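Q: I have a structure open and would like to go through parts of it with you. Could we take it step by step?
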Amino acid sequence: MPLTDHKNHPYSFCRIDIDKIDPSSFQSRRYFDENSLRELGASIAADGLIEPIILRPQKNGRFELIAGERRLRAVREYTDMDDIQAKIVEVDDLKARRISNSENLLRQDLSAIESIEATIKIIDAEMGKEPGYLTVGKTPLERVHKILSKLDSIRRSRERGSVVLETENDLSNKYVGQLESIFKNLPKPLKWQSFLLHDLVLLTDIPSKVQKASVKHSLNKAQTKALAQLEQVSDKVFHDVTRKNYIPQTPSWFSII
């Protein structure tokens, strides 16, 4: 009989043939540093896997990866191991998505861009239970950005004393409470207004090449925004900075222009 964890997910532990594991469809991490994977593989080969990966069973005796892609890659590419220790959980798509993105959000080495994308996926999965929400946009980013922007516009109209249409009141009443609950229960709780104003802009207002550099160098929000400003000022210096193996931990790049 399988155990259940504090979230009431039935689970068991066992070793799984790595050839029977399929990629995660919920992965938020975009960049995997090969040197880091090599070091992790050497550590696992020498000392074993400290934290098991998380899988869910699929048809024909196969398993889908939910969390632990970096560990799985390290084992596959840099060890001689044929199997890996895994926690097997019985969860649906929504819970699998939440587990995957929650683990990513708790990782210290995740870039700001990847962290924001993971948060978006959790919000979109939770809000997706409302059929009307899915018609707001074609992608999770578009849906989350549009609904938060609309609710913030309604909030600001009320604060100004402007007339708010009945349809807007209905929209606010329908979604605000649900969103506040989702944001409160994130692995790293925050306010939805703050997420809209300070986080989403990194995906909606910053060029993709800056986002890619941010992911590759695991930059935080302040560094990513500073790098975006640098790109606007000097494309040459932007490329010089991003070609380096090390980017300063404080946004001091303007001093080199």
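Q: At the start of α10, which backbone nitrogen does a side-chain oxygen of Asn220 reach?
A: A side-chain oxygen of Asn220 comes to within 3.2 Å of the backbone nitrogen of Ala222. This is a predicted model, in which local features need pLDDT of at least 70 and side-chain atom pairs count only at pLDDT 80 or more, while totals for chains, interfaces and linings use all residues. Residues are numbered from 1 along each chain as its sequence is written, and side-chain values use heavy atoms, with hydrogens and water left out.

Q: What span should helix α10 have, at 1.5 Å a residue?
A: The 13 residues of helix α10, residues 221-233, should span 18 Å, because the expected span is 1.5 Å times one less than the number of residues. The end C-alpha atoms of α10 are 19 Å apart, which agrees.

Q: And which residues of α10 are buried?
A: They are Gln223, Thr224, Ala226, Leu227, Ala228, Leu230 and Glu231, where buried means under 20% relative accessible area, exposed over 50% and partly exposed in between, with a 1.4 Å probe and protein chains only.

Q: What covers them?
A: The cover for the buried residues of α10 includes α4 (112-127), α8 (201-204), α9 (208-216) and α11 (235-243).

Q: Switching to loops, where does Ser218 lie?
A: Ser218 lies in the loop between α9 and α10, and its phi is near 55°, a positive value in a residue other than glycine. At 39% relative accessibility, Ser218 counts as partly exposed.

Q: What about Asn60, is that buried or exposed?
A: Asn60 is exposed, with a relative accessible area of 78%, and lies in the loop between β4 (53-57) and β5 (63-67).

How values were computed
Helix = DSSP H or I, 4+ residues; strand = E, 2+ residues; numbered from the N terminus. Contact = heavy atoms within 4.5 Å. Polar contact = N/O pair within 3.5 Å; in protein donor to acceptor, adjacent residues only side chain to side chain.
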